[in-house]
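Here are my notes on the backbone of this model, for checking against the coordinates. Please read them with the structure open.

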Amino acid sequence: MSGKASSSQLSVSSSGSGGLSHVYIQHPPLRCNVPRSRGLFYDDGNKLFIIQVFSWKTAPFDPLVAPTSDLISEGPILSIRYSLDAKIIAIQRTSQEIQFFHRETGQNFCHKCNPESESILGFFWTDCPLCHFVLVKNSGLDLLACDAESKSLQLVKTRKLNVSWYLYTHESRMVLLASGMQCNTFSGFQFSSAGIVCLPKFEMIMAKSEANSKPVLAAEDVYIATIYGRIYCLQIDRVAMLLHSYRFYQDAVVQQGSLPIYSSQIAVSVVDNVLLIHQVDAKVVILYDIFANSRAPISAPLPLLLRGLPRSNSFTSRSTAKDSESPEANISDSESKIYGDDWTFMIPDLACDVSNKLLWKINLDLEAISACSSEVPSVLEFLQHRKLEASKAKQLCLAITHNLILERRPVLMVAKAVEVLMVSYSQALKTGSYLKGIKDTEVNAQFKSLKTNPKVNKEKLSGGAERSSTEVHISSSQSQQLGPANSPLNASVSERQESQLTSPAISPDEMYSFVFAPVEEEMVGDSSYLVAIILEFLRSASSVKKKVKPNINVLAIQLLARNERYAELSLFIINKVLEPSKKVAMQLLESGGQNSQVRKLGLDMLRQLSFHHDYVLQLVQDGYYLEALRYARKHKVVTVRPSLFLEAALASNDSQLLAAVLRFFSDFTPGFKTTSDCHTYNRILYEMNSAVAV
């Protein structure tokens, strides 16, 4: 998807946002500055940012959220986490002791290592049915069940391992234990609601700076990331200047390849399944979409942008030393600094300024990303995989496709773009992720604001052995129990459920309403180009076995008839390129006013589709009264009023025809002889015959 943007794109993209960027943080941050406080902690299980007794909820992210506080005894805090039901707080006091506080009762109890030669490296809470609490020690794992009433932890199971350091994320429910002289040998366990899964041991590759050197892998060089529901391990190799990726399967851990890095200071984030590699010293971000087959970045490296900083408080607007010494100025200085020395990035999408106790949420600028590349099908495919801003991605896709057609881009390019959208829509229907959750008025308003935007007017990793076909991933079937060896391992779906995500997929109806219909109104000149695009759209819809409503076929007929391309129109109808329907038939009848063959095709379609009432009416309209009567009798069409035939026969001024119609209804319509129509038209017929006789 990488591609060069034109100079006009660059100027447009940078306007109004303070600079060109695809990733941004929004001012104000979440301010967590507690006076005389020490220590910052992030509880990813409960999405809490914690300082001493204060905690801030980070999901959904709200910079103005008020903190909550808990009464806990004074003492050192090495680590702190809330239980998943938020009833108990666990605080690591020393390398030997963890203290537990019950938030409702105020009771507390302690758990200590035994023997004292063991030390605690950390801990985490789980929703695993076998244990509530996992204690990570230098000697392995203790799986514990918490009993608040008896104020104790019950040992369920022990895993003996030599552990140098560990990594855990609640999103993946995965813990990695590093061991060995170089800390590059790993054991992995997944603690999910389906049970415990033990992964095979694996080693991470490390380049050597010298022949006899043995570099040691540090914890800050390894990340656990969940991308598109798959769990990956990302490892920074500072000697080789590569970011290695490993994918977890049930029976193997497979290296997926490597991405280049260009800085010794690297941090990793994941935003909406896009991998962000922060080149901290260069102060730029590189974006990768691992769903794509290419290992090329989505775009060129660009800075992380700070949006929303008030101009009056910006460091560029202060001109006096007195102003810069004020508390307000100091706050602005700290909040306007990007990639500070004390910045820490937390998977998936948070950045913490530790020294100033500020928490930022990292966001993607989908509009800027979509404007950076001339490879439109790749841009659309990228947007179709975005979930956090599904509505925005959907409007961008509609606007891009609309402008492609309006600018008369090559038919092949537009065909590929439309195919991407139809394949994505088909997949969304299969997975059940497509929801009609956006009202047409909202779509229309957002679409109109985007389709005139110059920015959009411009132009899976695989691998593993056969037995490794089942990966560790996030699944909506988390609550199911573990099945056979080849059934998928499940992690958490809570992150998805929180945001009630919708799909950016675009249905054929939306393509007509927001692309083809507006384009038909705006496009001037020969309509042959638009007809070619519509045919490509119908081909794409047919290839994924999706029916389109008659509107698009009706539009194609109107365009062909407007250019008097009746021969092509007839072929499209005969070969069912344009699907038969009542609306299509009626449009053929209307467009066939200047071409009898097209009108006949419309009549035949009504008959073949068994729209008997409409077929009879058209026969009457064309003057085929007796044929219409015979057809109505044969197909038992009782919905057509006799007066319709009688009025038409009278209008023809043919007494024989009127007599035939009257005789038909008298013979075949029960009770007709007693109706007023029968008496009236018999009198009229008598008068017509009398006038002829005279």
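The points below cover peptide bonds and phi values in a predicted model.

1. As background to what follows, most peptide bonds are trans, and most residues other than glycine have a negative phi.

2. The bond between H27 and P28 is a cis peptide bond, with omega near 5°. P28 sits in the loop that runs between strand 1 (23-26) and strand 2 (30-31).

3. I347 and P348 are likewise joined by a cis peptide bond, and omega there is about 10°. P348 belongs to the loop between strand 27 (343-346) and strand 28 (350-353).

4. S610, a residue other than glycine, has a positive phi, near 65°. Its place is the loop between helix 16 (596-608) and helix 17 (612-621). Is S610 exposed or only partly exposed? With a relative accessible area of 45%, S610 counts as partly exposed, because the exposed class begins over 50%.

5. N653 is also a residue other than glycine with a positive phi, in this case near 60°. The loop between helix 19 (642-651) and helix 20 (655-668) holds N653. The relative accessible area of N653 is 63%, so N653 is classed as exposed, the cut-off being over 50%.

Key. Residues numbered from 1 in each chain as written. Predicted model: local features only at pLDDT ≥ 70, side-chain atom pairs only at ≥ 80, totals over all residues. Heavy atoms only, no water. Helix = DSSP H or I, 4+ residues; strand = E, 2+ residues; numbered from the N terminus. Buried < 20%, exposed > 50% of the residue type's maximum accessible area, 1.4 Å probe, protein only.
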